[in-house]
Amino acid sequence: MTYIIAEPCIGVKDRACVDVCPVECIYDGEDQLWIKPEECIDCAACEPECPVTAIFEESAVPEQWKAFIAKNYEYFVQHPDAPVAPRKNP
Ligand code: SF4
């Protein structure tokens, strides 16, 4: 399991989630942030921090955003060198 970032992140990329992630597994995509599934430890720390409610545990992604589960996994196949997202408050 992993946490998934869905559509509300697009164009927002607030990065409050990055500040609380203990394993630095949130990466910076062009349009939105992505969580690397193999690195996420399912701690849930990021979920309540998102100001636009874009983060969900994989099995709890709302129906209208289910496609973001595959998109999240696929992102790292297509972008193996994706950069870790910088902290919002370094
Ligand atoms: Fe990071 Fe925890 Fe969120 Fe996974 S659930 S992305 S480990 S803060």
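This is a predicted model: local features need pLDDT of at least 70, side-chain atom pairs count only at pLDDT 80 or more; totals for chains, interfaces and linings use all residues.
Visitor: Which residues lie nearest the centre of the second largest cavity?
Guide: Those are C9, D14, R15, C17 and C50, out of 13 lining residues. By class, the lining has ten nonpolar, no polar and three charged residues.

Visitor: How many cavities of 30 Å³ or more are there?
Guide: The count is two. The largest cavity has a volume of about 80 Å³, and its lining is made of 14 residues, with C21, C25, C40, C43 and C46 nearest its centre.

Visitor: What takes up the space of the largest cavity?
Guide: The ligand does. A molecule sits in a cavity if more than half of its atoms lie within 2 Å of the grid points, so the ligand passes that test for the largest cavity.

Visitor: What makes Y3 part of the ligand's surroundings?
Guide: A residue counts as near the ligand if one of its heavy atoms lies within 4 Å, so Y3 belongs to the shell. The ligand's other neighbours include P22, V23, I26 and A44. By class, the shell has twelve nonpolar, no polar and no charged residues.

Visitor: Why are D14 and K88 called a salt bridge?
Guide: Their closest N and O atoms are 2.8 Å apart, and the cut-off is 4 Å, so the pair qualifies. D14 is in the loop between β1 and α1, whereas K88 is in the segment after α2, so this bridge links parts of the chain that are 74 residues apart.

Visitor: What makes the contact of D28 with K13 a salt bridge?
Guide: Here the closest N and O atoms are 2.9 Å apart, which is within 4 Å, so this pair counts too. D28 belongs to strand β2, and K13 to the loop between β1 and α1.

Visitor: And how do you know that K36 and E39 form a salt bridge?
Guide: Their N to O distance is 3.8 Å, again within 4 Å, so the pair is counted. The total comes to three salt bridges.

Visitor: Is K36 buried or exposed, and why?
Guide: K36 has 13% relative accessibility, and buried means under 20%, so K36 is buried. E39 has 29%, between 20% and 50%, so E39 is partly exposed.

Conventions: Residues are numbered from 1 along each chain as its sequence is written. Side-chain values use heavy atoms; hydrogens and water are left out. On a 1 Å grid over the protein atoms alone, a cavity is a set of points where a 1.4 Å probe fits but cannot get out, and a pocket is an open set with protein on both sides within 12 Å along at least five of seven lines; lining residues have an atom within 4 Å of a point. Grid points are joined across faces, edges and corners, and a volume is the space filled by probe spheres set on the points. Ala, Val, Leu, Ile, Met, Phe, Trp, Tyr, Cys and Pro count as nonpolar, Asp, Glu, Lys and Arg as charged, and the others, Gly among them, as polar. A salt bridge is a side-chain nitrogen of Lys or Arg within 4 Å of a carboxyl oxygen of Asp or Glu. Helices (H or I, at least four residues) and strands (E, at least two) are DSSP runs, numbered from the N terminus. Buried means under 20% relative accessible area, exposed over 50%, partly exposed in between (1.4 Å probe, protein chains only).
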